[in-house]
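Dear colleague,

The findings follow directly after it.

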Amino acid sequence: MSQKPAAALTCRSCGSFRLAGVLDLGKTPLADALLTEQQIATPSPTFPLELFFCADCSLVQIGETVPPDVVFDQDYPYYSSFIDAVVQNARENVRDVLSERQLGPDSLAVELACNDGYLLRNFVERGIPVLGIDPAPGPAEAARKCGVPTLCTFFGRDLAEQLRKEGRQADVIFGNNVLAHVADTNGFVEGIRILLKPDGMAVIEVPYVRDLIEKVEFDTIYHEHLCYFSVTSLSHLFRRNGLYLNRIKPLSIHGGSLRLFVEPTERMDESVRSMLAEEAAMGLTSQRFYEDFAHRVASLKGAVVGLLSRLRAEGNRIAAYGAAAKGSTLLNYMDIGRDLIEYVVDRNTHKQGKFMPGKHIPIYPTEKLLEDRPDYVFLLAWNHAGEIIRQQRNYAQQGGKFVIPIPEPQIVGADVALKSEHE
Ligand code: JHZ
Ligand code: ZN
């Protein structure tokens, strides 16, 4: 592992210079910057994508910060409501919060990065006031259309102060898959403290770095994701900003996530205590835990490219499913282009008709799979394998097969598609 020269980088959370390089994925284009036909004629910008570990607070992070207004621009294409598992997870999250907190017409539920309103509409339906905040114009407009009043802007300390002055403090603040995305990590967490009522609670979901490392989910590394959290690093981050990580619920969503319950008063329960102890015992808080990761990622590349190349050499046609941001990292790092994958399908209408960044593979509606019947479908959105395979059972019954790349390449056919229907 290379030790980063002290000059340039400091930890996004604790400010330490003691950052050690974990993995270098080279220079890649922005993962969600899907291209139009005109745009593929000119080269897209690429940015260094390198992962570091902080020896002081254990936070794993990338070095590069692409300006947030470039990442979350007019064309930001991620709309949560296209993914059943995400909608379902949000519904359960709200139901659980309401089962332990009495919220009514005088309460306020805020969501940071409310996207298209997939979560807050569960409160709107119950007559509980909400406020959505999201910097991406397309999803923010979609949220307003489903009845969620939404501020299209970035959240941080200043906005929190302003809302508080206006008397708009929150009983509950949700933030799913947003903490890793913000450039001013401490300012964002401090903003949560400012905006919360003294007896309020923040419910935050983040992908878990332990799953990333253990299951070689290297493709979840891209410029949108600045941080990759452990319980240890989170606990330091909240405490520094006057908040306490009191409870954790592990979730399987997005390859393995944590739902964090954070409050202005400390009352840490056993779920946090045991995970902190487990992380220390398994060495996740030391550089050594990350040492062979780069090697495991390189081996995975060999195995995936080897499999796809063999299938093509045998005369098979391969398409991919899911124009996911993670798919962009995978294709670019593994150098997989149109010679191996003919096209990608995706249910998100905002992505259809565009092209994958860097590799310029075209994106079509999912119906194309049944019409065209490629021999294999490569699951770029492997984290939704169950949902996708269930939905594509007709394709599978007609002989189509799926390739799941992570944690190791695996081919599945109709038997799995039919079995997963009953799960
Ligand atoms: P999916 C996103 O990452 C972006 P991505 C973001 N940066 C983040 O933090 C993580 O999520 C958590 C499509 N699909 O969820 C929809 C279907 O077409 O793996 C999506 O385009 N049909 C905010 O982009 C893509 O696949 C389906 O049935 O890596 C999946 O993207 C399903 C299930 C998905 O996230
Ligand atoms: Zn640190």
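The axes of α8 and helix α9 (residues 270-282) come within 9 Å and cross at roughly 120° (axes are lines fitted to C-alpha atoms, for helices over the stretch in contact, with angles from 0 to 180 degrees between N-to-C directions; helices are DSSP runs of H or I with at least four residues, strands runs of E with at least two, numbered from the N terminus). The two helices α8 and α9 are therefore oblique to each other (under 35 degrees counts as roughly parallel, over 145 as roughly antiparallel, 65 to 115 as roughly perpendicular, and the rest as oblique). Val231, Thr232 and Ser235 of α8 meet Val272, Met275, Leu276 and Glu279 of α9, contact meaning heavy atoms within 4.5 Å.

This is a predicted model, in which local features need pLDDT of at least 70 and side-chain atom pairs pLDDT 80 or more, while totals for chains, interfaces and linings use all residues; side-chain values use heavy atoms, without hydrogens and water. Residues are numbered from 1 along each chain as its sequence is written, with chains lettered from A and ligands numbered from 1 in the order written.

Helix α8 (residues 231-240) also lies across β8, β10 and β11, at about 145° to β10. These strands belong to an open, mixed sheet of seven, ordered β6-β5-β4-β7-β8-β11-β10. Because β6 (150-151) and β10 (244-251) each have a single partner strand, one side of each is left without a neighbour in the sheet. Strands β8 (residues 196-207) and β11 (residues 257-263) pair in the antiparallel sense over six bridges (pairing requires at least two DSSP bridges), and Glu205 has Arg259 in β11 as its bridge partner.

Yours sincerely
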